Amino acid sequence: MPATKTTLKPKRARRLLSVFDGEALSPPPVWLMRQAGRYLPEYRATRAKAGGFLDLCYNPAMAAEVTLQPIRRFGFDAAILFSDILVVPDALGQKVSFVEGEGPRLVPLADGIAIAKLSLAGADKIFATVAETVQRLRQDLPAETALIGFCGAPWTVATYMIGGQGSSDQAAARGMAYRDPAAFQALMDVLVAASVTYLDGQVRAGADLLQIFDSWAGSLPEDQFDRWVIAPTKALVAEMKRRHPDVPIIGFPRGAGVHGVRFARETGVDAVGCDTAMPLSQIRSSLSGKTVVQGNLDPLLLVAGGERMRTQVRRIVETLGVNPFIFNLGHGIVPHTPPEHVAALVEMVRDKSLLG
Ligand code: 1CP
């Protein structure tokens, strides 16, 4: 009898994508939210050359450069396009600026009349610029590194458009949603359409997978969560799946708590990003083995580093690593994070003896 040959299933060129085929990888793939940013001296240098923050986002050579910086240093399994969720309101004609040390500023949308004036007429140039960054990245990235495109979820983007800036309670948007739900629905519809156009451009330019950031999903009561978080995300995911059925989508409903499971089940996302507070065993046992889970180290443990970080990393990988899983933080890297701790984290996640 001829010797039997074990035929290995052809692996995807980009390792991270295999988790979406239902594979639990050991070690798990790893990338970190806000992996490009102010904690890296080389980012600060490029940022200083670019001028304003949006000038950096709209300069394909520089935006590609800052996307690549953390890949060169740490060899993450995925790069995330350098851009911002507020590119979408900017493209819709609601001018966005970033005030140094304070964050984004927009002229707040006061009512349905202001919402009706939003238009994608001037968006092509902005979206084409971002797509050009993606194109450059796909050429410059190592073949094994997945490229993540992204947008903000309609609810989270709306909180900035109505509030005119970041806030801890999203009161302006919550207020408008109660006062004038028809106008708010119109805003959700515009944002779903604009986000589809934005993400579609990123996929056509070479993004391998997508993440939808719903950073303020946690501020709504249940019925409002269904209406302004689940429904618009579901519409956005459905249209992207119609256009690109094979492109995986990660949803990140930060702060969703007990609604997180319903979010994962009902929106059609392939993966759910867990924030730091999400109890891991609960989310894992409530979802089918096929749903990929991503998360959820506390960004402040990455600042602390050392044995405390190691213990928590081990716990996360032990709880989640037996099913399809992507290692990440529970929210973005904070600016005072020592880059050496990031290097130590990646080494730890990839260390096979971590669990032994
Ligand atoms: O001066 C600077 O350099 C500005 C800091 C910064 C950076 C590095 C901002 C301003 N945006 C970004 C890039 C960014 N933003 C990325 C790039 C890729 C990466 O992760 O490496 C991504 C994915 C985002 C997404 C984003 N922007 C979110 C969702 C994720 C999250 O952090 O919750 C949100 C809410 C924004 C809005 C925004 N942009 C910038 C700031 C400071 C904020 C938050 C404003 C606030 O509410 O306080």
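**The ligand site**

Modeller: The ligand is surrounded by 22 residues, and Arg-34, Tyr-43, Tyr-160, Ser-215 and His-331 are the closest; a residue is near a molecule if one of its heavy atoms lies within 4 Å of it. This is a predicted model, in which local features need pLDDT of at least 70, side-chain atom pairs count only at pLDDT 80 or more, and totals for chains, interfaces and linings use all residues. Residues are numbered from 1 along each chain as its sequence is written, and side-chain values use heavy atoms, with hydrogens and water left out.

By class, the shell around the ligand holds 13 nonpolar, 5 polar and 4 charged residues. Here Ala, Val, Leu, Ile, Met, Phe, Trp, Tyr, Cys and Pro count as nonpolar, Asp, Glu, Lys and Arg as charged, and the others, Gly among them, as polar.

Next come the polar contacts, pairs of N or O atoms within 3.5 Å; within protein, one must be able to donate a hydrogen and the other to accept it, and residues adjacent in sequence count only if both atoms are side-chain atoms. His-331 places a polar side-chain atom 2.7 Å from an oxygen atom of the ligand. Asp-84 has a polar side-chain atom 2.8 Å from a nitrogen atom of the ligand. At Ala-36 a polar backbone atom is involved, 3.1 Å from an oxygen atom of the ligand. Of the 900 Å² of accessible area that the ligand has on its own, the protein covers 87%; such areas come from the Shrake-Rupley method with a 1.4 Å probe, and for residues only the protein chains shown count as cover.

Arg-34, one of the closest residues, is found in the segment before helix 1. Helices (H or I, at least four residues) and strands (E, at least two) are DSSP runs, numbered from the N terminus. Arg-34 has a positive phi of about 60° although it is not a glycine. Is Arg-34 buried or exposed? Arg-34 counts as exposed because its relative accessible area is 54%, where buried means under 20%, exposed over 50% and partly exposed in between (1.4 Å probe, protein chains only).

The segment before helix 1 (41–50) also holds Pro-27. The peptide bond from Ser-26 to Pro-27 is cis, with omega near 0°.

Helix 7 (residues 154–163) includes Thr-159, which is buried because its relative accessible area is 7%. The side chain of Thr-159 reaches the backbone oxygen of Thr-156 at 2.6 Å.
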